[in-house]
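Reader: I would like a close look at one part of this model, the surroundings of the ligand. How is that shell made up, by class and by element? Please then place it in its wider setting.

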Amino acid sequence: MTFLEEIQRRRTFGIISHPDAGKTTLTEKLLLFGGAIQEAGAVKSNKIKKGATSDFMEIERQRGISVSTSVLAFIYKNKKINILDTPGHKDFAEDTFRTLTAVDSVIVVIDVAKGVEEQTEKLVEVCRMRKIPMIVFINKMDREGKDAFDLLDEVEQKLGLRVTPLSFPIGMGYDFKGIYNIYEKKINLFSGDNKQTVSNGIEFNDITTPELDKIIGEKSANTLREELEILREVYPDFDKNEYLNGELQPVFFGSALNNFGVKELLDCFIEIAPPPKPKMAETRLIDSKEEEMSGFVFKIHANMDPNHRNRLAFIKIVSGTFKRNEPYLHVRLNKKMKFSSPNTFFAEKKEIVEVSFPGDIVGIQDTGNFKIGDTLTSGEILSFKGIPSFSPEHFRYVNNANPLKAKQLYKGLDQLMDEGVAQLFTLELNGRKVIGTVGALQYEVIQYRLEHEYSAKCTYENLNVHKACWVEPKDKKSPEFKEFLRVKQRFLAHDKKGQLVFLADSAFTIQMTEQKFPNIKLHFTSEF
Ligand code: G4P
């Protein structure tokens with residue numbers, strides 16, 4: 001296969017959803033189609049069970065499982081499919097945001113009974129802003145849920161999407177008969193007693209034929225005809241380019257648990273979802289078809305075994321081929337590095353790989369050289385953009401609880417921040433360290449890991465911060481900026497990259513500050 005063919009056949013995507021909507025179940029069914037696993041139940045859920053927020057064993061278990069589900073790859077109809085895991089738990093949202101920088105498209109799973117939920121809203125917003133192509137899968141059609149039209153409205157309104165259904169349910173819950181596949185003009189009937197097999201569907205180019213009444217009953221047939229008529233009037237025709245530009249989102253209905261509607265989703269997905277896309281670096285746009293290798297680190301995973309503190313850095317290949325034992329430039333360190341055992345991921349297995357192509361994810365054993373966002377190239381000096389830090393939601397001072405272990409504490413904190421567990425801010429005034437996190441759970445993770453992996457102890461102290469605002473003055477030498485630095489002195493800090501951050505205690509403060517200092521921009525993300 002040529003280099004270009006290898007690129008064209010890759011589909012790298014993430015599945016996003018609110019916890020419990022069915023992401024794990026859908027992933028598993030997709031792997032079954034690819035023959036990558038043999039039985040249902042093989043993919044472990046990586047979610048933290050409800051109520052387990054302070055159970056450390058649960059955190060450890062979660063960390064262990066998420067290595068094996070970080071990337072799940074399989075071949076289906078000669079397409080190489082890479083599914084990147086995105087934790088649904090809101091305390092790990094930052095992880096998910098970063099993973100979304102490495103996907104070329106996403107599938108959004110929505111529970112038919114619950115509709116659009118909070119976590120889905122946040123994640124879809126990020127995808128929408130980045131114009132990532134999205135397919136929506138409405139799951140659990142075997143259960144009583146919301147009316148299909150109401151749900152489509154909800155998806156449009158709450159998620160700000162422009163949708164077009166490519167399949168439509170015939171009944172729902174107890175009365176669920178199957179799905180009309182608009183994309184392929186087929187009917188797939190649901191048979192509740194044979195849940196794991198997939199029927200090929202019955203072709204129905206013309207739904208006015210009386211044959212339809214015989215198969216699904218007169219009442220259902222008439223309803224379906226009416227509904228399809230409404231769909232035609234209300235929703236736009238599917239246009240692949242609009243989908244690829246993030247302007248139109250096709251919707252499928254089904255039941256992941258019953259393996260229903262999943263094959264239709266997958267067949268359409270491999271046809272319409274994009275192969276690896278070009279990616280913006282600070283200096284220029286890098287096309288996947290360029291022969292020189294480039295890639296970036298979007299995730300770092302620490303080893304669970306405290307005796308082996310090596311980590312696994314996940315690199316998304318953007319262009320060229322990544323080869324084992326070939327020297328590559330680590331741009332931030334300006335250092336050439338070779339990798340003797342890069343890992344690839346196949347189903348749930350990790351294997352050493354000789355050559356990887358754009359779209360692939362390579363896992364590299366790391367002893368502390370990598371940070372999230374680092375770029376590797378064949379030699380060109382470039383840095384990929386688009387892995388910003390977002391303002392954390394929680395802020396606490398971190399104190400050293402064992403004066404003899406100060407060095408270990410700072411080393412541990414440093415490495416945990418490189419992994420992206422949380423963000424560290426150093427106050428300008430007195431050098432005190434503040435840890436900012438997305439969820440309260442991370443504080444426990446940090447404390448636990450510092451103790452078990454670095455033999456260091458820390459305590460926390462509350463700090464009243466509403467948001468971290470990255471500061472961008474129009475003119476660093478202006479009297480206005482000097483005045484800002486003077487009056488806000490107590491609330492100024494530096495992030496790990498040395499960028500100036502204003503720790504504002506309320507939304508009101510931010511508003512007042514913006515009014516008083518109109519030439520100083522406050523940003524809620526580190527990249528602007
Ligand atoms: P998540 O990864 O998005 O958090 O969701 P997951 O797949 O774990 O699914 C959450 C629950 O919803 C699971 O039940 C799962 O079996 C169920 N589920 C998934 N798809 C469907 C579907 O199409 N129909 C129905 N009726 N249920 C579905 P659970 O009881 O929480 O877990 P388990 O004990 O079944 O594993």
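Author: A strand here is a DSSP run of E with at least two residues, a helix is a run of H or I with at least four, and both are numbered from the N terminus. The model is a predicted one.

Start with the shell. The ligand is surrounded by 17 residues. Asp-20, Lys-23, Thr-24, Thr-25 and Ser-255 are the closest. By class, seven residues of the shell are polar, six are charged and four are nonpolar. Helix H2, residues 23-33, supplies the largest share, with three residues.

Now the contacts with ligand oxygen. A polar side-chain atom of Thr-24 lies 2.4 Å from an oxygen atom of the ligand. Gly-22 places a backbone N or O atom 2.9 Å from a ligand oxygen. For Ala-256, a backbone N or O atom is 3.1 Å from an oxygen of the ligand. On its own, the ligand exposes 700 Å². The protein buries 68% of that area.

Asp-20 is one of the closest residues to the ligand. Asp-20 sits in the loop between strand S1 (10-17) and H2. Its phi is positive, about 85°, although Asp-20 is not a glycine.

Lys-77 belongs to the loop between strand S2 (71-76) and strand S3 (79-84). With a relative accessible area of 52%, Lys-77 is exposed, because the class begins over 50%.

Seven strands make an open sheet with mixed pairing. Their order is S2-S3-S1-S4-S5-S11-S6. S2 and strand S6 (163-165) are the edge strands, each pairing on one side only. From one strand to the next, the twist averages 25°.

One pairing can be followed in detail. Strand S5 (residues 134-139) and strand S11 (residues 249-253) run parallel. Three bridges join S5 to S11. Val-136 stands opposite Val-251 in S11.

Key: Residues are numbered from 1 along each chain as its sequence is written. This is a predicted model: local features need pLDDT of at least 70, side-chain atom pairs count only at pLDDT 80 or more; totals for chains, interfaces and linings use all residues. Side-chain values use heavy atoms; hydrogens and water are left out. A residue is near a molecule or strand if one of its heavy atoms lies within 4 Å of it. A polar contact is a pair of N or O atoms within 3.5 Å; within protein, one must be able to donate a hydrogen and the other to accept it, and residues adjacent in sequence count only if both atoms are side-chain atoms. Accessible areas come from the Shrake-Rupley method with a 1.4 Å probe; for residues, only the protein chains shown count as cover. Ala, Val, Leu, Ile, Met, Phe, Trp, Tyr, Cys and Pro count as nonpolar, Asp, Glu, Lys and Arg as charged, and the others, Gly among them, as polar. Buried means under 20% relative accessible area, exposed over 50%, partly exposed in between (1.4 Å probe, protein chains only). Two strands pair if DSSP finds at least two bridges between them. Axes are lines fitted to C-alpha atoms, for helices over the stretch in contact, and angles run from 0 to 180 degrees between N-to-C directions.
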